[in-house]
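Thanks for coming, everyone. Let's walk through one structure together. Please take a look first.

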Amino acid sequence: RQAQEACGPLEIDNALSTVRKLEKDIQESKASAEEGRLRRCREKRILTHVCVCAQLDKCSQDLGNSTKAVSSAMAQLLSEATQGNENYTGGVSEDCPPSLQAWQPGDVAQALKTFASASRGVAATTEEPSARNAVLDCAADVLDKSANLIEETKRAVVKPGDAEGQQRLAQVAKAVSQALNRCVNCLPGQRDVDNAIRSVGEASKTLLNESFPSSGRSFQEVQAQLNEVAVCLNQSANEVVQASRGTTLDLAKATSKFGKDFGSFLEAGVDMAGTSPSKEDQGQVVTNLKTISMSSSKLLLAAKALSTDPGSPNLKNQLAAAAR
């Protein structure tokens, strides 16, 4: 018992100290980036644009993987802390007994080290200043929220049955999860997908109208235009599927193009609804447009998810289904 009391707080304090240092390092990286001095340590040569894109993709994937590792580590820490598992919240040190050699808060710190390194890598290979700053700001927020969670874990160890403490623990854990999601969403490519998703949603609001006035063009003319833009939208959907397996730049371009093509398609579709000879035909057109709108959103969401986890068979199936 005395060994647990001695080792537990020490290991948690060490983890907390590590995380606070990582947070300071990220702030220094942001200052270096603003001065144009941020470089990855192993870069000793002038990089071509293709090489930079490849490094950005690798760093983005590393960051996506590290956020999952941090999330898993935090979930385990939270679970064991709420259950009052002192073997878990103890510390691995030379003075700790073998019974305490379990998964420890130090593993959370290690996961956050990997996360911070990946964040700096993304920032160092991102050319757009606003995107670079967004990544570093989100990373700093993750580290700050993680430190808060470790502090609450330390309090929970002291008072394992305290209801108020357990509630605070759950709140800070939720804050960590939200910060991790924001960090992934600000990755280059991910932001472009989000913009495309928003553009699809905004354009689709037109379908909520009660009436669709005619543009005055003939049915044949409107039909021909709708067929033309439908072909373009279908091609864009295929490009999104391909880009989700390609580079960050590929995904950004493909999703941006898809958003624009969807807007053109919906505009032509609404024109078709207004030109329909009967209310029944108009209702059918609008229903079809709503279905395509929903499928388009699913396609973009699946592409976004697959880009951060390219090896997932389930996500590949979801993307293929949405594209159809």
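Start with helix H9 and helix H10. Leu251, Thr255, Phe258 and Phe262 are among the H9 residues that meet H10. On the H10 side, the residues include Val285, Leu289, Ile292 and Leu299. Contact here means heavy atoms within 4.5 Å. Helices are DSSP runs (H or I) of at least four residues, numbered from the N terminus.

This is a predicted model: local features need pLDDT of at least 70, and side-chain atom pairs count only at pLDDT 80 or more, while totals for chains, interfaces and linings use all residues. Residues are numbered from 1 along each chain as its sequence is written, and side-chain values use heavy atoms, without hydrogens and water.

How do the axes of H9 and H10 cross? They come within 10 Å and cross at roughly 175°. So H9 is roughly antiparallel to H10, a label for angles over 145 degrees. Axes are lines fitted to C-alpha atoms over the stretch in contact, and angles run from 0 to 180 degrees between N-to-C directions.

Next, confidence. pLDDT is the predictor's confidence in each residue, from 0 to 100. The protein averages 81, and 84% of the residues score at least 70. Helix H8 (residues 219–243) has the highest mean among the elements, 93. Helix H3 (residues 86–89) has the lowest, 48. Over residues 86–103 the pLDDT is below 50. Where pLDDT is low, the predicted coordinates should not be read in detail.

Last, Leu112. Leu112 touches Val19, Leu22, Val70, Met74, Val142, Leu143 and Ser146, leaving out residues up to four places away in sequence.

How values were computed:
Helices (H or I, at least four residues) and strands (E, at least two) are DSSP runs, numbered from the N terminus. Angles under 35 degrees count as roughly parallel, over 145 as roughly antiparallel, 65 to 115 as roughly perpendicular and the rest as oblique.
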